[in-house]
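Student: I would like to go through this model term by term. Please set each value against its cut-off.

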Amino acid sequence: MNYQDRPQDHLSRTEEAQCPQCGSVAVGLTSVRSALWQGERLVIIEGLPALECRTCREQFYDDVTATMLDLLRGAGFPEERADRFLKVPVFDYTQLLKRADPAEPEPPR
Ligand SMILES: [Zn+2]
């Protein structure tokens with residue numbers, strides 16, 4: 001495998017890219033982490049190659065990456081293919097509002 005081909009592939013892909021938001025062609029390649037919901041299940045995908053507009057900061061995927069994501073989604077994000085698992089805190093916004101209510105003074109120290 002010739003690794004020197006890879007940066008050129010990326011370069012030609014970003015040269016063709018145009019921002020779907022503002023139409024700018026000043027688009028660069030970056031790597032992102034994305035959180036996706038599938039029903040009640042949350043999955044995270046790291047190391048996603050994304051194109052980022054230098055003008056409006058819109059991030060979007062090229063066709064290859066979008067297709068890979070569709071395939072992974074279609075396969076139901078199988079756990080056996082996950083790299084690792086995360087424990088995440090879940091906040092209920094309505095509960096946060098109650099705690100921030102000024103009608104309930106903080107207990108004296
Ligand atoms: Zn843009």
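This is a predicted model: local features need pLDDT of at least 70, side-chain atom pairs count only at pLDDT 80 or more; totals for chains, interfaces and linings use all residues.

Student: Is tryptophan 37 buried or exposed, and why?

Tutor: Tryptophan 37 has 60%, so it is exposed. Its place is in strand E1. Its C-alpha atom is 9.9 Å from that of arginine 73, 36 residues apart along the chain.

Student: Why is isoleucine 44 called partly exposed?

Tutor: Its relative accessible area is 36%, so isoleucine 44 falls in the partly exposed class. Isoleucine 44 lies in strand E2.

Student: How do you know what counts as a helix or a strand?

Tutor: Both are DSSP runs, numbered from the N terminus: helices (H or I) need at least four residues, strands (E) at least two. By that rule the chain has three helices and three strands. Along the sequence the pattern reads α-β-β-β-α-α.

Student: Which residues make up the largest nonpolar core?

Tutor: There are eight: Val32, Leu36, Val43, Ile45, Leu48, Ala50, Leu69 and Phe77. E2 gives the largest share, four residues. E1 and E2 are the elements that give two or more.

Student: What makes a set of residues a nonpolar core?

Tutor: The members must be buried Ala, Val, Leu, Ile, Met, Phe, Trp, Tyr or Cys residues, joined through side-chain atoms within 4.5 Å. In soluble globular proteins, nonpolar side chains tend to be buried together. Across this chain of 109 residues, buried residues make up 20%.

Student: Which residues coordinate the zinc ion?

Tutor: Cys19, Cys22, Cys53 and Cys56 do, each through SG, at 2.3 to 2.4 Å. A donor is an N, O or S atom within 2.8 Å of the metal (3.2 Å for Na, K and Ca); water is not among the atoms, so sites may look incomplete. The spacing along the chain is C-x2-C-x30-C-x2-C.

Student: Why is the arrangement called tetrahedral?

Tutor: The four donor atoms subtend angles of 105 to 116°, which makes the arrangement tetrahedral. The rule for four donors is that all angles lie between 85 and 135 degrees.

Student: Are cysteine 19 and cysteine 56 buried or partly exposed?

Tutor: Cysteine 19 has 4% relative accessibility, so it counts as buried. Cysteine 56 has 35%, so it counts as partly exposed.

Student: What makes a contact a salt bridge, and how many are there?

Tutor: A side-chain nitrogen of Lys or Arg must lie within 4 Å of a carboxyl oxygen of Asp or Glu. The count comes to four. One of them joins arginine 33 and glutamate 46, at 3.5 Å, N to O. This pair links distant parts of the chain: arginine 33 is in strand E1 and glutamate 46 in strand E2, 13 residues apart.

Student: What links Arg33, Glu46 and Arg84?

Tutor: A network of salt bridges. Glutamate 46 also meets arginine 84, at 2.6 Å, N to O. Arginine 84 sits in the loop between H2 and H3, 38 residues from glutamate 46.

Student: How accessible are arginine 33, glutamate 46 and arginine 84?

Tutor: Arginine 33 is at 60%, so it counts as exposed. Glutamate 46 is at 38%, so it counts as partly exposed. Arginine 84 is at 44%, so it counts as partly exposed.

Student: Why does glutamate 52 count as buried?

Tutor: Its relative accessibility is 15%, so glutamate 52 counts as buried. Glutamate 52 forms a salt bridge with arginine 57, with the closest N and O atoms 3.1 Å apart.

Key
Residues are numbered from 1 along each chain as its sequence is written. Side-chain values use heavy atoms; hydrogens and water are left out. Four donors count as tetrahedral if all angles lie between 85 and 135 degrees; four count as square planar and six as octahedral if opposite donors are over 155 degrees apart and all others between 65 and 115; anything else is irregular. Buried means under 20% relative accessible area, exposed over 50%, partly exposed in between (1.4 Å probe, protein chains only).
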